Amino acid sequence: METNAYNQKLNCYKLNDRIIYTGFSSFKDAEECAHKKGGTLVEVGFKDGNDNPEITDEAGLIEKKLHYYVYAGDEYKFIHSSDPGFRKYADELQKIKAKMRQDAPDERYLANFEIENAEDPIIVIKNDHFESVTSRERSKYLKHARVYELGVSLPKT
């Protein structure tokens with residue numbers, strides 16, 4: 001089983017004569033995998049609301065040195081757990097949630113635990129207001145989103 005830098009399972013897709021791995025935790029993580037396996041970096045798009053990858057260069061991940069990007073219209077913003085500011089935003093969300101529910105301090109800790117331990121959490125913002133927390137995998141199926149991930153491409157052997 002192939003894993004990323006956080007020991008999370010990578011996704012493996014077979015496309016024509018290529019094997020593509022996605023799910024890297026950073027651009028550097030993907031670069032290291034490509035170097036180790038003798039593969040090449042590619043941008044993989046999931047654009048049909050399903051888990052059907054295609055090689056693309058629409059988001060410019062390689063040039064921008066990004067490993068993940070979502071576009072679901074100008075009103076949406078997806079903040080990945082590896083993005084700068086995620087922690088601050090997640091902490092503020094927990095404070096708001098706790099205040100609304102008037103949680104006890106130990107319940108606030110448990111609520112924070114939920115976001116921190118969600119599988120590769122993504123905060124979804126619509127029109128500058130919090131909408132939800134989702135996972136990287138589930139973002140492929142939301143809001144007619146176009147999800148782009150950095151991948152490593154290897155020839156089938």
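The questions and answers below go through a predicted model of one protein chain.

Reader: How many helices and strands are there in the protein chain?
Author: Read along the sequence, the elements follow the pattern β-β-α-β-β-α-β-β-α-α-β-β-β. The totals for the protein chain are 4 helices and 9 strands.

Reader: What share of the residues counts as buried?
Author: The protein chain has 157 residues. A residue is buried when its relative accessible area is under 20%. The share that counts as buried is 41%.

Reader: Among contacts between residues at least 6 apart in sequence, what share joins residues at least 24 apart?
Author: Contact here means heavy atoms within 4.5 Å. Among the contacts between residues at least 6 apart, the share that joins residues at least 24 apart is 60%.

Reader: How much of the accessible surface belongs to carbon and sulfur atoms?
Author: The accessible surface of the protein chain comes to about 9,600 Å². The part that belongs to carbon and sulfur atoms is 49%.

Reader: Which residues of helix H1 are buried, and where do they lie around the axis?
Author: H1 covers residues 27–37, and its buried residues are Phe27, Asp29, Ala30, Cys33 and Ala34. They cover an arc of only 160 degrees around the axis, so they lie on the same side of H1.

Reader: Which exposed residues does the other face of H1 carry?
Author: Exposed means over 50% relative accessible area. The face in question is turned away from the buried side of H1. Its exposed residues are Lys28, His35 and Lys36.

Reader: Which residue with positive phi follows H1?
Author: The phi angle in question is near 75 degrees. The residue is Gly38.

Reader: Is Tyr21 buried or exposed?
Author: Tyr21 sits in strand S2 (residues 18–22). Its relative accessible area is 12%. The cut-off for buried is under 20%. Tyr21 therefore counts as buried.

Reader: Which residues does Tyr21 touch, leaving out those up to four places away in sequence?
Author: Ala34 is 13 residues from Tyr21 along the chain, and their C-alpha atoms are separated by 9.6 Å. The residues that Tyr21 touches are Glu2, Leu10, Asn11, Cys12, Lys37, Leu150, Gly151, Val152 and Leu154.

Reader: What does the side chain of Ser135 reach, and at what distance?
Author: Ser135 lies in strand S8 (residues 129–135). With a relative accessible area of 13%, Ser135 is buried. Its side chain reaches the backbone nitrogen of Arg138 at 3.0 Å.

Reader: Which residues form the nonpolar patch on the surface?
Author: One member, Tyr71, is found in strand S5 (residues 68–71). Tyr71 is partly exposed, at 36% relative accessibility. Together the members have about 250 Å² of accessible area. They are Leu66, Tyr69 and Tyr71.

Reader: How many salt bridges does the structure hold?
Author: Side chains of opposite charge can pair when their charged atoms come close. The cut-off is 4 Å between a side-chain nitrogen of Lys or Arg and a carboxyl oxygen of Asp or Glu. The number of salt bridges is 8.

Reader: What is the N to O distance in the salt bridge of Glu58 and Lys47?
Author: Glu58 is partly exposed, at 43% relative accessibility. Lys47 is partly exposed too, at 22%. Their side chains meet in a salt bridge with an N to O distance of 2.6 Å.

Reader: Are Glu149 and Arg136 buried or exposed?
Author: Their side chains meet in a salt bridge at 2.8 Å, N to O. The pair links strand S9, which holds Glu149, to the loop between S8 and S9, which holds Arg136, 13 residues apart. Both residues are buried.

Reader: Which residue forms a salt bridge with Lys140?
Author: Lys140 is buried, at 0% relative accessibility. The closest N and O atoms of the pair are 3.2 Å apart.

Reader: Which residues are linked in a network of salt bridges?
Author: The linked residues are Asp51, Arg136, Glu137, Lys140 and Glu149.

Notes. Residues are numbered from 1 along each chain as its sequence is written. This is a predicted model: local features need pLDDT of at least 70, side-chain atom pairs count only at pLDDT 80 or more; totals for chains, interfaces and linings use all residues. Side-chain values use heavy atoms; hydrogens and water are left out. Helices (H or I, at least four residues) and strands (E, at least two) are DSSP runs, numbered from the N terminus. Buried means under 20% relative accessible area, exposed over 50%, partly exposed in between (1.4 Å probe, protein chains only). Accessible areas come from the Shrake-Rupley method with a 1.4 Å probe; for residues, only the protein chains shown count as cover. Patches are made of residues with over 30% relative accessible area and no salt bridge: like charges are joined within 9 Å, nonpolar side chains (Val, Leu, Ile, Met, Phe, Trp, Tyr) within 5 Å. The arc is that of the directions from the helix axis to the C-beta atoms. A polar contact is a pair of N or O atoms within 3.5 Å; within protein, one must be able to donate a hydrogen and the other to accept it, and residues adjacent in sequence count only if both atoms are side-chain atoms.
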